[in-house]
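Visitor: I would like to learn how to read side-chain features in a model, taking one kind at a time. Could you begin with charges and rings, and then move on to other pairings?

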Amino acid sequence: MAHFSGQFFAYFCPAQIIQLSLFCIIQTLMQGFCRHHRRWVAEKLGTDVTIRELEFTGKIFSEDPKNYHAWSHRQWVLQALGGWENELSYCQELLEDDIFNNSAWNQRFFVITKSPLLGGLSSMRESEVTYTIQAIAANPENESPWRYLRGLYKDDPEALVKDPRVASVCLEVLTAKSNYVHALNMVLDLLSHGFMPSSEISSAVGALTTNSLEPDSDLIKSICSVLELVDPMRGNYWKWRRDTAVAQACRR
């Protein structure tokens, strides 16, 4: 592979190779060899092609916002060639266009945890939680920001439990009685980490029960029962969560 790439590089100028690889990738849907060769060439050219490579992936995202290979290439470019300066703003633009773009949420997390310019997760958590809470409040049915919120407290569940904004947005969604599956799931997670629910949250969960579903004095059981009813596609999962909670309680 390296011998072929060397011969190829000798016969064509870098600009021609970049253009040819673009054609190859478009024609073969990011076929593996073309991706490998493009990276090889980009490494040879260095930071002179950083902007071009980021624009290249941006062009792909305009047609296919969730293209895994393009996202993988973009992350490689950032780590190998730089270009972090505007990446968080780029993620912001993508999410403004489509707040349900899970790939953009994933890239945002990649940026705040990997960028050498932002100070890491601990430095970014406060502002990112504020942004994420706003996204959840606007579209509580969107699972991506809920997952993102959990990620912001990676390896620190105690901080998740203690942040009043998390419980507050859950209560807001539960009280609205609409699109509350992910809010209930978050409350389950909080409870599993020792969260002491307020009477307002307990009442909000109780208000979601129907005539066919009796409220349970155990909040976890009550939440799982509601979820089994409103989210039957994952009914077995919610039963497992309930049974696991019961088992843990018995061991205490």
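Visitor: Where does the charged end of Arg38 sit?

Guide: A charge is taken to sit over a ring if NZ of Lys or CZ of Arg is within 6 Å of the ring centre and within 35 degrees of the ring normal. Here the charged end of Arg38 lies over the ring of Phe56, at 3.7 Å from its centre, and Arg74 is placed over the face of Tyr90, 4.0 Å from the ring centre. Please keep in mind that this is a predicted model, in which local features need pLDDT of at least 70 and side-chain atom pairs count only at pLDDT 80 or more, while totals for chains, interfaces and linings use all residues. Residues are numbered from 1 along each chain as its sequence is written, and side-chain values use heavy atoms, with hydrogens and water left out.

Visitor: How many salt bridges are counted, and with which residue does Arg38 form one?

Guide: A salt bridge is defined as a side-chain nitrogen of Lys or Arg within 4 Å of a carboxyl oxygen of Asp or Glu, and by this rule there are 13 salt bridges. In one of them the side chains of Arg38 and Glu53 meet, with 2.8 Å from N to O. That pair links distant parts of the chain, since Arg38 belongs to helix H3 (residues 32-45) and Glu53 to helix H4 (residues 50-63), 15 residues apart. Helices here are DSSP runs of H or I with at least four residues, numbered from the N terminus.

Visitor: Are Arg38 and Glu53 buried or exposed?

Guide: Buried means under 20% relative accessible area, exposed means over 50%, and partly exposed is in between, using a 1.4 Å probe and protein chains only. Arg38 has a relative accessible area of 3% and is therefore buried, and Glu53, at 0%, is buried too.

Visitor: Which residue forms a salt bridge with Arg74?

Guide: Arg74 forms a salt bridge with Glu87, the closest N and O atoms being 2.7 Å apart. This pair, too, links distant parts of the chain, with Arg74 in helix H5 (residues 68-81) and Glu87 in helix H6 (residues 87-97), 13 residues apart, and both Arg74 and Glu87 are buried.

Visitor: What separates Glu158 and Lys162 along their helix?

Guide: Glu158 and Lys162 are 4 residues apart in helix H10 (residues 157-162), so about one helical turn separates them. They form a salt bridge whose closest N and O atoms are 2.7 Å apart; Glu158 is partly exposed at 48% relative accessibility, whereas Lys162 is exposed at 59%. Elsewhere, salt bridges that share partners join Glu126, Asp163 and Arg165 into one network.

Visitor: Why is the pair of Trp105 and Tyr131 called tilted?

Guide: Rings of Phe, Tyr and Trp (its six-membered ring) pair if their centres lie within 6.5 Å, and planes under 30 degrees apart count as stacked, over 60 as edge-to-face and the rest as tilted. The count comes to 7 aromatic pairs. For Trp105 and Tyr131 the ring centres are 5.8 Å apart and the planes are at 45°, so the pair is tilted. Trp105 in helix H7 (residues 102-114) and Tyr131 in helix H8 (residues 121-138) are 26 residues apart, and the pair links distant parts of the chain. Both Trp105 and Tyr131 are buried, and together with Phe109 and Tyr148 they form one aromatic cluster.

Note on methods: Helix = DSSP H or I, 4+ residues; strand = E, 2+ residues; numbered from the N terminus.
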